[in-house]
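Please keep the sequence and the model in view while reading.

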Amino acid sequence: MKTPRRTVRYINLARILWALITLGAIVATYADTASRGPVQPMNFFGYFTIQSNLIVVVVGFVAGAMGLAKGAAVPSWVVGLRALASVCMVVVGLIYITLLAPLGAAGGVPLPWANWIMHIIGPILVLADWLLAKNPTSLSYKAVPVLLVYPLLWTAVVLVRGAVDGWVPYPFLDPDQGYGVISLYVVSIAVVFAGITFLVVAYGRRGRHRDAELEIP
């Protein structure tokens, strides 16, 4: 049974709405940080949480707008962007719950309501969108290493900055712990990233996601 056009429209409007809400949370967090002193942009935008939610903003606007305009004819690169957003936000949620929340660390988002949007609600909604909405095309497993390029580059930049100027976005990457401990964290997170990326791509390749009669772009 074909998905009603009204449902398709609502889902794409919801993507745009969540992009606006997420953008509002990022702007509010920046303003709150600036209210306590000068903001160093490289530090503020150095948090993986902030960058991942910016990806959600871009993907929400792009996927939502193209879904409204093109319906099931959305190109595969849009599916790839949605996959990247899903991977990043799942990792954001897992790292926050397992490594940051137990330490009472805000992870770059001191505003409670913005913290909920970027660390908890966002990961749930973005993952739900990937699991429930049908992709017009499936990604090849060759997309897995491509999707891992961004988090690997982010990690490399953070490690270099930690060694050069001592700034790190999260306490578990603090050089004062020793690079043996940091290496353990980095390898563990890399394994989690790779596993989640593989699962996201594999789920998108399921036969029911390629059924043109059930697609929600």
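Predicted model: local features only at pLDDT ≥ 70, side-chain atom pairs only at ≥ 80, totals over all residues.

**Salt bridges**

D165 has a relative accessibility of 47% and therefore counts as partly exposed. R161, for its part, is buried, with a relative accessible area of 14%. The cut-off that separates the two partners is 20%, because buried means under 20% relative accessible area.

How many salt bridges does a search of the whole structure find? The search gives four. One of them joins D32 and R36, where the closest N and O atoms are 2.5 Å apart. R36 has 57% relative accessibility and so counts as exposed.

Another salt bridge is formed by R82 with D129, with 3.6 Å between the closest N and O atoms. The pair connects distant parts of the chain: R82 belongs to helix α4 (residues 76-100) and D129 to helix α5, 47 residues apart. Is R82 buried or exposed? At 5% relative accessibility, R82 counts as buried. R82 and D129 also belong to one network with R15, joined by salt bridges that share partners.

The space in the largest pocket is about 350 Å³. Which helices each supply at least two residues of the lining? They are α1 (5-34), α3 (48-70), α4 and α5. Of the contributions to this lining, that of α5 is the most, with six residues.

W116 lies in helix α5.

**Aromatic rings**

The remaining part of the picture concerns rings. A pair of aromatic rings is described by the distance of the centres and the angle of the planes. In this structure, the count of aromatic pairs comes to 12. One of the pairs is formed by Y141 and F198, stacked at 5.3 Å centre to centre with 15 degrees between the planes. This pair, too, links distant parts of the chain: Y141 sits in the loop between α5 (112-132) and α6 (143-164), whereas F198 is in helix α7 (residues 179-204), 57 residues apart. Y141 is partly exposed, with a relative accessible area of 39%, and F198 is partly exposed as well, at 42%.

Y170 and F172 form another pair. Their ring centres are 5.6 Å apart and their planes are at 0 degrees, so the pair is stacked. The cut-off behind this reasoning is that planes under 30 degrees apart count as stacked. Are Y170 and F172 buried or exposed? Y170 counts as buried at 4% relative accessibility, and F172 is buried with a relative accessible area of 6%.

Y170 and F172 are also part of a cluster linked by ring pairs.

Definitions and conventions. Residues numbered from 1 in each chain as written. Heavy atoms only, no water. Phe/Tyr/Trp six-rings, centres within 6.5 Å; stacked < 30°, edge-to-face > 60°. Helix = DSSP H or I, 4+ residues; strand = E, 2+ residues; numbered from the N terminus. Buried < 20%, exposed > 50% of the residue type's maximum accessible area, 1.4 Å probe, protein only. Salt bridge = Lys/Arg side-chain N within 4 Å of Asp/Glu carboxyl O. 1 Å grid on protein atoms, 1.4 Å probe; cavity = no way out; pocket = protein on both sides within 12 Å on 5 of 7 lines; lining within 4 Å. Points joined across faces, edges and corners; volume = space filled by probe spheres on them.
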